[in-house]
Structures are given as C-alpha cells and as structure tokens.
Amino acid sequence: MAELVRGRARRRRGAAPRTWPIHVVLSAAAVIMVVPFAWQILTMFKTTAEATRIPPTVLPEAFSTRAFATFFSTVPFWSMFAVSAGALVLRVAGQLAVAALAGYAFARIPFRGRTALFGLFIGMLMVPSQLFLIGQYDLMKGLALLDTLPALAIPGMFSAFGTFLMRQAFLTMPKDYEEAARLDGANTVQVFWYVMLPMARPTLAALAVLTGLYSWNDLLWPLIVSPSGENRPLPVGLAGLQGQFGTDYPTLMAGAFVCSIPLVIVFLVMQRQFFAGIASSGLKG
C-alpha cells in the first residue's frame, strides 16, 4: 500500500512540469482579455480630461458618476432598450423555429437534392452579410415594414449557421429513439416535436445565446431599415455618443457598460446549457 501511494506521488510530480506551461499561457490570455474590461470600468468613473490625458492615468483622481447621468440624459435609454429587447425576442424565436425545422429536415428526412441544397447553405457562410443588405432592404420596403420592429428581426430569423448547428445536433442523436416512436405510430411531426426537439434543448440554448448576442449588438441594419430613427436599438444610441471632433469617453464607456448588463445576465443564467449545446452539437460528426 505504501509503495502504491509513493508511486502515485511520483506520477503527480512527474505530471506537474508538463502542465504548468499550459496554465501560464491560459493565465496570460485571461489577463489580456480582462484588461480592456477593467480599463472600461475605470474610465467611466473619470472626467473627460482624465480619460484623454497623455500619458494616460490608470485610476481616476476622484470617482465620479457624472458619466452615467450624462448617458441617461442624452440617450433615450428605455425606449431604445424596449426596441432592442423586442427585436431580440422576435429574432431568437424566429431563428430557433426556422433552424430547428430546417436542421431536422437536412439531418433526418431524405429527399432529392438534400446534399446539394445543404452545400448551398454552407456556402452562404462564406458570403459577407453586407451583400444581402440591398435585397433585404427592398424586401422590407415591399412589405411596408420600414421603421417597424419586425423589420429589425425578420432578416435575422434565417441563418445558415443556425441550420448547420441544428443539423449537427440532430445527426448526433441515436436513431433508436426515432424508430421507437415510429413503431408506436408517431408521424414525422410528432417525432420531431415530442422526441427529437426536447433532446436538442442544449443546442437550442446555445443558438439562442449566439443569436441574442448578434441581435443585441447589431448596428448597421437598424441604421438602414429605420431611417427616421423611431425604432432604433441601443447600439445606435451608443454610436451617437461618438462626435465628429471629440468623444466623451467616460459617457461612452458608461453607456456600453449599462447596455452590456442584460447580455451578461442572460449568459450567466444559460451558460451551462450554452456549453453543453456547443459540446453536444458537434461540431463533430
């Protein structure tokens, strides 16, 4: 027994030198990622003169909340927050429905031309999204949806990446569950809704987080589809804080911090499902 304990101790000592470089690299990467956020938090408590001083100062001379008051008095926060939240809910719900249905069809329903059609979907991932802006704008204009909340969400409901992610998730699921449901008399819709979709919940959660993140930070499309500014989300309000000849950086940092809080809360609540969905969807197989 004593020899076994000593052998385990030697193995631990032998394994430690091989892992410490990895921990050093990961710690350095973590510090590099945290520094910008720490700088943002410190900047929003500075004055404009301190924020633009050269050489820069790390700590504010006197912590001030003036930037928050300026942000809320300059930007119509609550109206823009409502637009951002509404567009996010519509976009996430629409993309989950479309991607789940399309992913299941590509993964489980054989039909002629399935492989070629899915190849076209994958090819769309290599096309810059800016190329679709003119066509999407004409479509929204033809539907008389300009300056409306649905116009912000509808183009984002259709995603090649979401379809790919859901297809990979359905491909990794055992066929035994599907065959057992069909033996019990379930049709294709029932198999999808009662058997396959509940098993894909982690992937749906991951897709919801990614779609919500993209929707919350979208800037270019709201500027195009809402020219009057009546239905513009928070990123547009933040962009308006950057002046042509100067920028109030403490106010900008304070606004960015406030606008990021909802996303941080959503991610903290759904982080377990998010990582489980990424792991199980496969980006395998």
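Me: Contact means heavy atoms within 4.5 Å. With that cut-off in hand, which residues of helix H8 meet which residues of H11 in this predicted model?

Reply: On the side of H8 they are Phe161, Gly162, Leu165, Met166 and Ala169, and on the side of H11 they are Thr203, Leu204, Leu207 and Leu210. By residue type, this contact of H8 with H11 divides into 7 nonpolar, 2 polar and no charged residues.

Me: Why are H8 and H11 called roughly antiparallel?

Reply: The axes of H8 (residues 160-171) and H11 come within 10 Å and cross at roughly 165°. Angles over 145 degrees count as roughly antiparallel, and H8 and H11 are therefore described as roughly antiparallel to each other.

Me: Is the crossing of H8 and H11 left-handed or right-handed?

Reply: The crossing of these two helices, H8 and H11, is right-handed.

Me: What makes H4 and H10 roughly perpendicular?

Reply: Helix H10 covers residues 188-199, and H4 packs with H10 at an angle of about 105°, their axes being 12 Å apart. Since the range from 65 to 115 degrees counts as roughly perpendicular, H4 and H10 are therefore placed in that class. The contact is made by Ala100, Leu101, Tyr104 and Arg108 of H4, together with Thr188, Val191, Phe192, Met196 and Leu197 of H10. The residues of this contact of H4 with H10 divide into 7 nonpolar, 1 polar and 1 charged.

Me: How do the axes of H9 and H10 lie, and which residues make the contact?

Reply: The axes of H9 (residues 175-183) and H10 come within 10 Å and cross at roughly 145°, and the crossing of H9 and H10 is right-handed. H9 contributes Tyr177, Glu178, Ala181 and Arg182, while H10 contributes Thr188, Val191, Val195, Met196 and Met199. Sorted by type, the residues of the contact of H9 with H10 are 6 nonpolar, 1 polar and 2 charged.

Me: Why is Arg91 called buried?

Reply: Buried means under 20% relative accessible area, and Arg91 has a value of 7%, so Arg91 counts as buried. Arg91 is found in helix H4 (residues 77-108). Leaving aside neighbours within four places in sequence, Arg91 is in contact with Leu152, Ala153, Gly156, Met157, Thr211, Tyr214, Ser215 and Asp218.

Me: What makes Thr70 partly exposed, and which residues is Thr70 in contact with?

Reply: Thr70, in helix H3, has a relative accessible area of 22%, so Thr70 counts as partly exposed. Apart from neighbours within four places in sequence, Thr70 is in contact with Asp248 and Thr251. The C-alpha atoms of Thr70 and Pro250 are separated by 9.4 Å, although these residues are 180 residues apart along the chain.

Me: How many residues does the largest nonpolar core have, and which elements give two or more residues to this core?

Reply: The largest nonpolar core has 19 residues, and those with the most contacts inside it are Phe71, Phe77, Trp216, Leu234, Leu241 and Cys259. Two or more residues each come from helix H3 (66-74), H4, helix H11 (201-217), helix H13 (234-239) and helix H14 (249-280). The largest share of this core, 5 residues, comes from H14. A second, separate core of 18 residues includes Ala99, Ala107, Ala200 and Leu204.

Me: Which residues is Cys259 in contact with, leaving aside its neighbours within four places in sequence?

Reply: The contacts of Cys259 are with Phe71, Phe77, Trp216, Leu234 and Leu238.

Me: What is the omega of the peptide bond that joins Ile54 and Pro55?

Reply: Omega is about 0°, and the bond that joins Ile54 and Pro55 is a cis peptide bond. Pro55 is found in the loop between helix H2 (48-51) and H3.

Technical notes. Residues numbered from 1 in each chain as written. Predicted model: local features only at pLDDT ≥ 70, side-chain atom pairs only at ≥ 80, totals over all residues. Heavy atoms only, no water. Helix = DSSP H or I, 4+ residues; strand = E, 2+ residues; numbered from the N terminus. Buried < 20%, exposed > 50% of the residue type's maximum accessible area, 1.4 Å probe, protein only. Core = buried A, V, L, I, M, F, W, Y, C linked by side-chain atoms within 4.5 Å. Axes fitted to C-alpha atoms, helices over the stretch in contact; angles between N-to-C directions. Parallel < 35°, antiparallel > 145°, perpendicular 65-115°, else oblique. Left-handed = near helix turned anticlockwise from the far one by under 90°. Nonpolar A, V, L, I, M, F, W, Y, C, P; charged D, E, K, R; others polar.
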